[in-house]
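Subject: Handing over the structure

Hi there,

Here is the structure I promised to pass on to you. Have a look at it first, and then read my notes below.

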Amino acid sequence: MGGTAPTADAPVYFLLFGGVRIVRGDAEVELRQPKQRAILALLLSTPGEPVSVSEIIDALWSDEPAASVTNQIHRHVGSLRRACQPELQRRQIGRYILPAGTGYRLVAGSEDCDVLRFRSLVQEAYQLARIGEGKQAGSAFFSSLAVAAAPAGDDTMWTLPAFVGLEDERVRAIIAAVEHCETPDEFGAVLPILRAAAARHRLDEALHAKLMTALTRTGRVAEALEVYAGIRGALREELGSSPSAVLETAQAHALRTDLPSSSESTGSSRAATVRPAQLPSPPPAFAGRRDLLATLRNDREGRARVLLITGMGGVGKTTLALRVADELAHHHSDGQLYVNLRGFDATAPPTDPLDALRDMLEGLGLPSPSLPESVDARSGLLRSILSEQQVLVVLDNARDYHQVEPLLPGAGASRVIITSRNWMPGLAAFHQARPIHLEPFDDDEVVEFFSQRLTTNRASDDRDAMIRLGRACGGLPLALAIVVARASANPAFPLDLLVREFTQERTPLESLNAGSAELDLGTVFSWSHRGLSDEAARTLALLSAHPGPEFSTAAAMSISALDPRRAREVLNQLTLASVLRESRPGRFAFHDLVREYALSLLADDAFEASARLVNHYVRSTRQAILTFGQPSVAPVDDTVPRIVPEVFASSRDATRWYTEERRVLHQVCRLAVSLGDHRSALMLMLDWRPMSQAVDARHDMLPFAELAIQAAEHVDEPALLAECYRDVASNFARTGHPERARRYFDLAAAMFERSGDRVGQANVYRSMAVTLVMDPTDRIELLRASVTVARQLDDQPILATSLHSLGLGLLWGGRFDDALAAFDECTTITATVPDLAYLEPHVLSGRSRALAGTGRLEESADEAARALELLRRGDATEGELRLLRSHGDALTALGRTGEAAEAWRRFLTLATSPERVRETNAVDDDTDGSVTIDRVKAKLVALTVNGDEEG
């Protein structure tokens, strides 16, 4: 700088950007000593902050001892003070460079120091940007760059930490300035600084991306692509890496810009504008999914930008996706992309995301040689392009979340439809994907499918035949399509012949094969199996031993022998892969055809899986019978490791479980016999009795009487055989086979005697009296014998049970006072033995009927009301049924006809509901048999016709 000589009070300016300088007045002060310049630069790099002598030594004299340079530093500082203020005498401090601890600090304001001025402008710019004043913020950033147009200090100091930090601040300001540019002129104004900064920072990707943007916006597209090529090569050569997403975004804008290139000699050219239309044709006929399609049509505005269609193999995911895409295509003006990701495929491994991105970017018109090499870079480029377009993307047959995530659009109006057998919860968690899980077709959808595809004469033949075919196919659209293919290949075959082939001659899975891998359902299932971990694949096979239709988590643990944590992880994997379905929390189900496929994998593990299955249910029924206050009939084998039986909080829970698992238990019992585990079969049949009594005793027990006799021939445990024969005899007695009943009662008594079990003998007497048709006097004598044995044993629970049965026998014989005496003694015992509380409502019920028999109707009605309340609370429906009929009679005799009608209506509701219909256990009481139901109906009608019903 030139100018007149400054006065003593002339202002002093400190400049660091573009080289260290002092300006006093309007004249630059000459600093001839390099060390002086360096010390001033260090002080200016952190204006206002202390710089210690040791820091100065480390930066400038690192190769000399500290003692020899300290005096030099003091002399240089003195010279700098006098350069700022020539009037200072030696050893005077002055106003600018002050002592600070063991060093010095430079004192200046933002008007006197370019570093502080730069920082003040940058801070102002960021504050303006935060409040939405973008234009003013841009002006402030440009002003800051006018101050800091060049790096700080001399080139010998650029590697010092303070100067590295200053340069980083300057580069960030340059990038921010570019981000606030709007017009080509503004981009042009910042280009010189950008070029210089990019040349200095050869591997700074963000800086080069902004340079490319500025070049593109000023019409220098070819130069922008040259910049990209240059840094791409430098990154590969020096760091072994590929360009980041920010560079790929800048390249995408350069390739897609409509501005002309400033240089044709480079050979670079922008990509042609392409509107892809890659969707395969949707099937000409589309069946089912009507409600689902209607719902998706209502979402044409794209509230769900990511749609995930999941389901098991062959359920029709691709068909639905293409149908939805076809309907949505015209709402996406920039075209449609389609990629088969081959997640579950017969001929190729899953598509690598890098290859999928190449196909998608080429589909959008980008030339392959210009594409980046990394997944992240290509993914960023794709998001950049799609952010400004409306493209519909279909990603078909995806393997997992990691394959799909790089292919998703970012912000903008583009939409994606994904199909997969995998649930991919990450898509819902991180991308708000809308999941749609497809279930197999119902009967109506099956008929619609066949009607569209079979020839007219066949489709009109027989709706029932189509439904039977559909059920044999498990409602899977792929399986139905295989049937259609088979029918087309044999047009002369009547539909009934196909039904017979698929339902009788071979297993459905074996039949569902039309000659190629894509039309072989077993092969299609194998693709899902191939994607499982080894542990999950083995567990899938083991679980197929369960007869279904559902099984619990505990059953899965028992069959698989996995610990609880691993079992839950594997079940989750199988569910996510759509080979299992969680029908409700903790309950899982196979599709029938998937189970058939899994069974084919079981091989040598079949026996072990079946044995563990049987053991699980034996130990579970043992837990169930304990809730009734009854011990298991015999010790259970609890030596098999990792069996997890079901757990029940009450007898009601146990009964509810039995109701749900009833069919399974019956199949497991037969399985035990087929395995030669006859003891377990007997254990199951005897331990499920208390629950069966409350559900459907006749139909649950009688079919197993013969099976029990067969199993008993292979068991040599007198106590177990005695219980078996007693139960078999009771069932024969209830079903009109008195001779066989007596035979097995006799065998039971002999076995109890052989095992020394007098309690068992008492129970045999009681069972004979309760179930066999005989003279009332003989029945009462048998029941008295049962009571006598119980008294001799001093067994209070058995005595109470025997007294209750004796009371019922006396009641049936019309000896009401004697019955009351037996019930009263039973009540005395139940009041003192907590485990007998369950008997209380039944004793009250017997007392009510006996009181009615003696004419004490008011007392009878009171006892009945108490009994009914307890029976309902305990869900003892059978006991409630027995009492309601006689209670209605007592209420009618008392003139309380409204209450009588209410009791009989309750009786009819319980007796006629499908889940409650059962046969009585009492020989004289056909409680919910058709005769009794008709009688109660007649009484109720009589009350109504006669106008006797109150209210």
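Before the first finding, a word on how angles are taken: axes are lines fitted to C-alpha atoms, for helices over the stretch in contact, and angles run from 0 to 180 degrees between N-to-C directions. Helices (H or I, at least four residues) and strands (E, at least two) are DSSP runs, numbered from the N terminus.

Please keep in mind that this is a predicted model, where local features need pLDDT of at least 70 and side-chain atom pairs count only at pLDDT 80 or more, while totals for chains, interfaces and linings use all residues. Residues are numbered from 1 along each chain as its sequence is written, and side-chain values use heavy atoms, with hydrogens and water left out.

**The overall picture**

The protein has 44 helices and 14 strands. Of its 951 residues, 50% are buried, where buried means under 20% relative accessible area, exposed over 50%, and partly exposed in between (1.4 Å probe, protein chains only). Taking contacts between residues at least 6 apart in sequence, 67% join residues at least 24 apart; contact here means heavy atoms within 4.5 Å.

**A pair of helices**

How do α39 and α40 pack? Helix α39 (residues 816–830) and helix α40 (residues 840–853) meet at an angle of about 155 degrees, and their axes are 9 Å apart. The two are therefore roughly antiparallel to each other; angles under 35 degrees count as roughly parallel, over 145 as roughly antiparallel, 65 to 115 as roughly perpendicular and the rest as oblique. Their crossing is left-handed, a term used if the near helix is turned anticlockwise from the far one by less than a right angle (right-handed if clockwise).

On the α39 side, the residues that make the contact include Phe 816, Leu 820 and Phe 823. From α40, Val 843, Arg 847 and Leu 851 are among those taking part. By class, this contact has eight nonpolar, three polar and two charged residues. For these classes, Ala, Val, Leu, Ile, Met, Phe, Trp, Tyr, Cys and Pro count as nonpolar, Asp, Glu, Lys and Arg as charged, and the others, Gly among them, as polar.

Strand β1 (residues 12–15) runs antiparallel to strand β2 (residues 21–24), and four bridges join them. Two strands pair if DSSP finds at least two bridges between them. Leu 15 has Arg 21 in β2 as its bridge partner. The two strands form a hairpin with five residues between them, and Gly 18 in the turn has a positive phi of about 85 degrees.

β2 also pairs in the antiparallel sense with strand β3 (residues 27–29), over three bridges, and Val 23 stands opposite Glu 28 in β3. Two residues lie between the strands of the β2 and β3 hairpin, where Gly 25 takes a positive phi near 70 degrees.

Three bridges link β12 to strand β14 (residues 587–589), and Glu 550 is opposite Ala 589 in β14.

Ala 561 is in the loop between α25 and α26 (564–576), and its phi is near 65 degrees, a positive value in a residue other than glycine.

Most residues other than glycine have a negative phi. Arg 289, although not a glycine, has a positive phi of about 60 degrees. Arg 289 lies in the loop between α10 (245–256) and α11 (290–297) and is buried, with a relative accessible area of 10%.

Neighbours within four places in sequence aside, Glu 167 is in contact with Pro 151, Arg 200 and His 201.

Finally, six of the eight residues of helix α33 (residues 705–712) are buried, so α33 is largely enclosed by the rest of the structure. Leu 707 and Ile 709 are among the buried ones.

Best wishes
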